[in-house]
Every structure is written in structure tokens, then in C-alpha cells.
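User: Good morning. Could we go through this model together, starting with a single residue?

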Amino acid sequence: MAVVGARSNRHNIMAFPGMTAATSQQAILAATQTFYHPPITTQDIQPDRPIGYGAFGVVWSVTDPRDGRRVALKKMPNVFQNLVSSKRVYREIKMLCFFKHENVLSALDILQPHSIDFFQEIYVITELMQTDLHKIIVSPQPLTSDHVKVFLYQILRGLKYLHSANILHRDIKPGNLLVNSNCVLKICDFGLARVQELDENKHMTQEVVTQYYRAPELLMGASHYSSSVDIWSVGCIFAELLGRRILFQAQTPIQQLELITDLLGTPSEEDTKTACHGARSHILRRPHKANSMAALYTLSSQATHEAVHLLCQMLVFNPDKRISCADALTHPYMDEGRLRYHSCMCRCCQTTPAGRQYITDFEPIAPQVFDDCFEKDLTSVHQVKGIENLKCFYECTLYPESFKSINIFQI
Ligand SMILES: [Zn+2]
């Protein structure tokens, strides 16, 4: 039944907007070629090993003893030290369980201990991805314009879904964009993510986003901001993909702002209206700088007019004038990435004996917004820790005995 229903939603390839038959053919041909070659692995016989560290804890590549599948196991230690950290982790897990999108990492399972007395850390199982965009950018692997287009398309596709669910990621950077050997990309790490604050009078923390990817309004102390902070980060990553180097790489937040204004020019008074008083007077007091966005053409030979045209709409000082995810996806530069992705990489379209059957909605939004009302009711660590509480949104799995052989449980 599901197959019949799904097929009725699909349509022919020529429905791709702005595509001629010739460009379609070209992109499909390119789509059949593998373009990221990970180091040769013997994944099936690899021992369990750590693949990532951070403030959040540690991620291991392990074999799930229940079905022999290689998965990523994330250990979040000491999550019950205080109410603030408990709530943050609880929110992240709830989001991981909420997500249902090909370009957003989601939880496959959560492991829970047999007794609440042993509940000191949380283990989350997610799909295992081979690498991330940071490792690809700094590798000697050639990055063609097809790579750039299909990566950017998937970043925006995943982000459109998150923003439609009312979620700001607040730490979009190459290291948080996981990539598998087929170049499928997934946004990960929701440790700083939160629901959009609609009340402009409510103070939001400025301690978000890794500095190189931090939007000017955050650098200038805006107490309220929106999903456009994520789009700024995407613009920085887009430029980094084109130039193979970090676009704004400064030592301090003040220098970061200097680098931004070197490229964008001195902002107008109106464009700094959300900035705090000190930052605003600092920037307007400085000698006037002219806009030098034309320098973006020198990033690489892939910085075509179309690419720079889109990039210039992402790297806009005023967040209200910055392009949205949904609008960026309608830019002609995205057409080839969309075609490549849906021709051979996605799971939403299907190849049948009659040819590729395309889904109607290439960039779906979330069916509902993410509701964070649950946070108001959490008033104690014990309550967050309550296994019943976790169970209410996800069917947790008790640690199987066989999992105990995995070293991550001992560290
Ligand atoms: Zn598709």
C-alpha cells in the first residue's frame, strides 16, 4: 500500500525547474560517478574504535552485537550533574528522536541501564558516517564543482527541514556535517540547538556558533537572533568549499568582525540595529571600508557568477536581508545539485524498470514544529533522570549483555 501511495507522488525528471534536457543528461552522467573515495577500509573486520571527541563526550564506531551492523555509539557522560546540563542533553536526545530527514542525523536507538542507580551517562546509537566536511576540505581529495553543488544542496535541504521545525542549529560548521562514501551529507551535533524564540524581548545567549562561522549580529552582541545565523554559517562553508580555506579565520571575535567588514564593507546604521551599543559605536567609529565582495570571484575557478550571486545573498550583514534556506534552494545554482542528489543518492525517489520516479516535493519541511514545552515541567535532575521520562518519547533499549564487551562502556 505504501509503495502505491508513494509512487502516485512521483513525477518525471523534466519537472526539475530551470533544467534543459542537455544539462539534465550531463548532471545524470556525472551523478553516476563516485566522487569521494574514502581510505580503503576493512570495515567489517575493524575493531571498535573512537572516531570523535568533544565537550559532549566521545563517539565510537562499533559493531552492534544484536545485528552485526556498524553504527556510531555516542557516550554522553556526567549528564546528570546539574539541572541545566540534564535539560540540555534531554533536549538534544529528544531532537535526535524527532528528526526524520535524510540530511539530518537521527537516533537509531538509546541504551539505558537496568537500574536508575547506574544511570550516570547516556548512550545514543546513530547511523555511522565515514567522514565529515572538514576532513574532506583539508584532504588532498579534489573537490569539483559537482561536489560543491551536491554538498551545498544537502546542507540547505537539511537546514530547511530544521528551520521549518522551528529549530536553530547554532553550530553549523564543516565538522558538524557528516558525509558517507556516496557523498550523502547529514547535519549532526545538536548540543547547541534550540527552538526559535519568537519574543524579541527575550534574551538569547550569544555564546553560540564556532567563531569562524559566527554571524555578525552575534559578534556584535545581539540579544535576539533568528535562523539566519545558520545561513551565515552556510555562506562561510560555501566559500570554504570553493576556496578550500576558511573564509574568515581570526584570532578573536573583534578581529573576526574586522575580517567580515573588510569583505562586506562598513555596515549602515540600519544594518547594525540589533547590535549592542558598544559594538555599534565601535564599528561606526572605524574608518569607512568599501564593499569588496568581488574578491569572492578569486576564491577559485568554480566561483562562477551564479555561485557568487548566491553566496552574496548569504553573506549579508543585516540578518533580515539575508536569504532564507527555502529561498536559497530556489536559486538556479542549486539545480544541478538537486538533480544529482535525486538521480542517484536520495532515498525519496526510486529507480523502476520504467526509469527514475521522482518525488514531488524535493525539499520537504517538517510535518510539525518541535515542541519544547516539556522543558518547563522539568524541575529536578531526578525527574530528568527518570527512565519513565525518557521512555515517554522513545522506546529505549536495555543494554544487552553483549554490549558489555564494547570498550566504550569501560572508559
Ligand atoms: Zn529523491
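User: How many other C-beta atoms lie within 10 Å of Asp262?

Analyst: There are 14, so Asp262 counts as partly exposed. A residue is called buried with 20 or more other C-beta atoms within 10 Å of its own, exposed with 12 or fewer, and partly exposed in between, the C-beta atoms being placed from the backbone. Please note that this is a predicted model, in which local features need pLDDT of at least 70 and side-chain atom pairs count only at pLDDT 80 or more, while totals for chains, interfaces and linings use all residues. Residues are numbered from 1 along each chain as its sequence is written.

User: And where is Asp262 placed?

Analyst: Asp262 belongs to helix 8, which covers residues 253-264.

User: How many helices and strands does the protein chain have?

Analyst: The protein chain has 14 helices and 14 strands. Of the 411 residues in the chain, 36% are buried.

User: What share of the contacts joins residues 24 or more positions apart?

Analyst: Among contacts with a separation of 6 or more, the share is 71%. Two residues are in contact if their C-beta atoms, placed from the backbone, lie within 7 Å.

User: Now the inside. Which residues have the most contacts in the largest nonpolar core?

Analyst: They are Ile155, Leu156, Val234, Phe238, Leu311 and Met314, in a core of 88 residues. Such a core is a set of buried Ala, Val, Leu, Ile, Met, Phe, Trp, Tyr and Cys residues joined through C-beta atoms within 7 Å. Leaving aside residues up to four places away in sequence, Met314 touches Ile231, Trp232, Val234, Gly235, Phe238, Arg322, Ile323 and Ala328.

User: What about helix 5: is it mostly covered or uncovered?

Analyst: Helix 5 is mostly covered, with 18 of its 20 residues buried. Helix 5 spans residues 145-164 and reaches 28 Å from its first C-alpha to its last, close to the 28 Å expected at 1.5 Å a residue.

User: Which residues of helix 7 does helix 5 meet?

Analyst: On the helix 7 side they are Asp230, Val234, Ile237, Phe238, Leu241 and Leu242, and on the helix 5 side Val148, Phe151, Leu152, Ile155, Leu156 and Leu159. The axes of helix 5 and helix 7 (residues 228-243) come within 10 Å and cross at roughly 170 degrees. That makes the two helices roughly antiparallel, a label used for angles over 145 degrees. An α-helix has 3.6 residues a turn, so residues three or four places apart point the same way.

User: What comes after helix 5?

Analyst: Helix 5 is followed by Asn166, which has a positive phi near 75 degrees. Asn166 lies in the loop between helix 5 and strand 8 (167-168). Because it has 18 C-beta neighbours inside 10 Å, Asn166 counts as partly exposed. Most residues other than glycine have a negative phi. Cys183 also has a positive phi, about 70 degrees, without being a glycine, and its place is in the loop between strand 9 and strand 10.

User: Let us turn to sheets. What is the strand order in the open sheet of three strands?

Analyst: The order is 7-9-10, with antiparallel pairing; two strands pair if DSSP finds at least two bridges between them. Strand 7 (131-132) and strand 10 (185-187) are the edges, each pairing on one side only. Helix 5 packs on this sheet, touching strand 9 and strand 10, and its direction makes about 35 degrees with that of strand 10. Strand 7 is joined to strand 9 (residues 177-179) by two bridges, and Asp132 stands opposite Leu178 in strand 9.

User: How many residues of strand 3 are buried?

Analyst: Six of the seven residues of strand 3 (residues 57-63) are buried, so this strand is largely enclosed by the rest of the structure. Strand 3 pairs with strand 4 (residues 70-76) in the antiparallel sense over six bridges. Their hairpin has six residues between the strands, and Gly68 there takes a positive phi near 75 degrees.

User: Which residue in strand 4 is the bridge partner of Val59?

Analyst: The partner of Val59 is Lys74, and that of Val58 is Lys75. Lys74 also has a bridge partner in strand 6, namely Val124. Strand 4 and strand 6 (residues 122-127) run antiparallel and are joined by six bridges.

How values were computed. Helix = DSSP H or I, 4+ residues; strand = E, 2+ residues; numbered from the N terminus. Expected span 1.5 Å × (residues − 1). Axes fitted to C-alpha atoms, helices over the stretch in contact; angles between N-to-C directions. Parallel < 35°, antiparallel > 145°, perpendicular 65-115°, else oblique.
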